[in-house]
Amino acid sequence: MPKYQFDVEVQPEYLPEQSSPDSGVFSFAYTITITNAGEAPAQLISRHWDITEGDGSKKVVDGPGVVGEQPLIEPEGFHSYSSFCVLAFPLGRMSGYYTMIRLDTGEAFNVDIPAFNLIMPDLLN
């Protein structure tokens, strides 16, 4: 079993009640579950997001933890959280990584967040 193995699952959702397509406001929520499938506990200390809008423009977001937390994730444990992203177009894409730290050794490492699409329903029909 690898020392560090984290699985990241993402479930995006369009939020029509918080969107205003006529004004170029498209709101999306996403729920992320980070599972520690490795053998060492680690704390999530920061996040990095690459956000691509429907027109190809890009934005980078960096910050501490996730939604105000820096969770410690034990082996066989997980952490779930929900957040949101507001786009100017009805579709976009997000990807990134979490920076984790092993508390007993201070070793830092990154965990990739797989790319996922944010698409307003019925847009591509």
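## Sheet architecture

Three strands, in the order β1-β2-β6, form an open sheet with antiparallel pairing; strands are DSSP runs of E with at least two residues, numbered from the N terminus, and two of them pair if DSSP finds at least two bridges between them. Strands β1 (6-14) and β6 (78-87) stand at the edges with a single partner strand each, so one side of each is left without a neighbour in the sheet. From one strand to the next, the twist averages 20°, where axes are lines fitted to C-alpha atoms and angles run from 0 to 180 degrees between N-to-C directions.

The antiparallel strands β2 and β6 are joined by 10 bridges. Phe 26 stands opposite Leu 87 in β6.

## Basis of the model

The model is predicted: local features need pLDDT of at least 70 and side-chain atom pairs count only at pLDDT 80 or more, whereas totals for chains, interfaces and linings use all residues. Residues are numbered from 1 along each chain as its sequence is written, and side-chain values use heavy atoms, with hydrogens and water left out.

## Aromatic pairs

The structure holds 6 aromatic pairs, defined as rings of Phe, Tyr and Trp (its six-membered ring) with centres within 6.5 Å; planes under 30 degrees apart count as stacked, over 60 as edge-to-face and the rest as tilted. One of them joins Tyr 30 and Trp 49 edge-to-face, at 5.5 Å centre to centre and 65° between the planes. Tyr 30 lies in strand β2 (residues 26-36) and Trp 49 in strand β3 (residues 42-53), so this pair ties together parts that are 19 residues apart in sequence.

Trp 49 also forms an edge-to-face pair with Phe 116, at 5.9 Å centre to centre and 85° between the planes. This pair links distant parts of the chain, with Trp 49 in strand β3 and Phe 116 in strand β8 (residues 108-119), 67 residues apart. Tyr 30 and Trp 49 are both buried, meaning under 20% relative accessible area with a 1.4 Å probe, protein chains only; Phe 116 is buried as well. Elsewhere, ring pairs link Tyr 4, Phe 6 and Phe 109 into a cluster.

## Nonpolar core

The largest nonpolar core has 27 residues, of which Tyr 30, Ile 32, Ile 34, Trp 49, Tyr 98 and Met 100 touch the most other members. Such a core is a set of buried Ala, Val, Leu, Ile, Met, Phe, Trp, Tyr and Cys residues joined through side-chain atoms within 4.5 Å. Strands β1, β2, β3, β6, β7 (91-101) and β8 each supply at least two residues of this core.

Ile 34 has contacts (heavy atoms within 4.5 Å) that include Phe 6, Val 8, Leu 44, Ile 73 and Tyr 98, not counting residues up to four places away in sequence.

Key:
Helices (H or I, at least four residues) and strands (E, at least two) are DSSP runs, numbered from the N terminus. Buried means under 20% relative accessible area, exposed over 50%, partly exposed in between (1.4 Å probe, protein chains only).
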